[in-house]
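Hi,

Here is the structure I promised to pass on.

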Amino acid sequence: MPVKIAGEWLNSCSGCEIAILNLGETLLDLLPQLEFVHIPVLMDHKHYGQLGDKTEIDIPKAVVGLVSGGIRNEEHLEVAHEMRKTCDILIALGTCATHGGIPALINRFSNQELFDQYYHTESTDPGAAVPSNGLSPLLERCYALDEQIDVDIYLPGCPPHPDQIATAILALLNGETPELPFRSVCDTCPTRREGKGKVSAIKRFTSKPDFNPDEPIDQMRCLLEQGYLCTGPVTRAGCAGNNGEAPRCISARVPCRGCYGPVRQEGNQLLDMLNALASNGIDINTMLWLTRATVHFCISLPFSRKKITSPTLKNLPVFRRRYF
Ligand code: SF4
Ligand code: SF4
Ligand code: SF4
């Protein structure tokens, strides 16, 4: 009998859903064993009945639930609870769901500061009202899924590589629990490493790394050794897929930004990165050159969750000034 699957997207950009579609032919191979009962990206099944005639949210019972995106408003919270109720095994799909991701950068600001920034600036109409009609009220912050509901399986990545989604589904079909690799992006990176790069200051992302585009990626020197903030040492492997490709950003010759999160679920990517920089002889104060966007994942993940794993970092003057 096919395994029933439900999917939902909450505070999501839909990139994680596109990763499901990017399963491509693997998805076609899996389809005879699966029955999608509710998944907005693939089928039209509405929360309150096809004619809007139901008064309570209706997501059919499923064995596996895939939920992407964090929880930012009351509707997300309600749908998340409903998915938890109706799905036996709940998978947090993507870094927004596992850690809060990019949207959780907002957690450094209150909702009032957010609204003021959007609706009460020099260029907005004086007295402009914050829209509320038909919009679900915001919660006070953006939450990772497991800050509000129980999660059984974590599949980080922005988005997760389709190979990892397929591996997880196949494991579940075989009655096994999918395991995430306890390796770092560096462990899957083919770039050339020669030891400390004799670089003491971080370089801007906008400066061009040293590489020859006509040469294969394994001829390029490690970007961290070239002085770029490549968060490969502290980021969980996975984006290279299962076929021995290079990590996604590295194959585009840009540094890893840490989107898979820390190697350990409760690890502190930022603290580990500072250690990695220091052991490469790079002065961490030179990170002042970087913009908030440049380091978004690495900086945000330890702080986006309510449980701050390393409160002492908040007292570092350099980060306090730039990021809080
Ligand atoms: S994890 Fe990335 S791809 Fe997935 S919903 Fe969040 S921002 Fe989009
Ligand atoms: S630091 Fe970056 S470039 Fe260097 S090995 Fe790790 S992932 Fe590759
Ligand atoms: S290289 Fe880093 S930032 Fe890029 S996709 Fe992989 S884990 Fe994410």
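**What surrounds the ligands**

The shell around ligand 1 is made up of six nonpolar residues, seven polar ones and no charged ones. (Nonpolar here is Ala, Val, Leu, Ile, Met, Phe, Trp, Tyr, Cys and Pro; charged is Asp, Glu, Lys and Arg; the others, Gly among them, are polar.) There are 13 residues around ligand 1, and Cys13, Gly15, Gly94, Cys96 and Cys158 come nearest. A residue gets into a shell if its C-beta atom, placed from the backbone, lies within 6 Å of the molecule. Helices α1 (15-21) and α4 (95-99) each contribute at least two residues to the ligand 1 shell. Helices (H or I, at least four residues) and strands (E, at least two) are DSSP runs, numbered from the N terminus.

Ligand 2 has 14 residues around it, with Cys186, Cys189, Cys222, Cys230 and Gly232 the closest. By class, that shell splits into eleven nonpolar, two polar and one charged.

**Ground rules and confidence**

This is a predicted model, so local features need pLDDT of at least 70 and side-chain atom pairs count only at pLDDT 80 or more, while totals for chains, interfaces and linings use all residues. Residues are numbered from 1 along each chain as its sequence is written, with chains lettered from A and ligands numbered from 1 in the order in which they are written.

The protein chain averages a pLDDT (the predictor's confidence in each residue, from 0 to 100) of 86, and 88% of the residues score at least 70. Over residues 307-324 pLDDT stays under 50, and the model has 22 contacts beyond four places in sequence for that stretch. A contact means two C-beta atoms, placed from the backbone, within 7 Å.

**Strand β3**

Six of the seven residues of β3 (residues 62-68) are buried, so the strand is largely enclosed by the rest of the structure. Buried means 20 or more other C-beta atoms within 10 Å of a residue's own, again placed from the backbone. DSSP has to find at least two bridges for a pair. Serine 68 in β3 stands opposite tryptophan 9, and its bridge partner in β5 is leucine 93.

**Cysteine 249**

This residue lies in helix α7 (residues 248-251). Cysteine 249 is buried, with 21 other C-beta atoms within 10 Å. Beyond four places in sequence, cysteine 249 is in contact with Val254, Pro255, Cys256 and Arg257.

Cheers

Conventions:
Buried ≥ 20, exposed ≤ 12 C-beta atoms within 10 Å, placed from the backbone.
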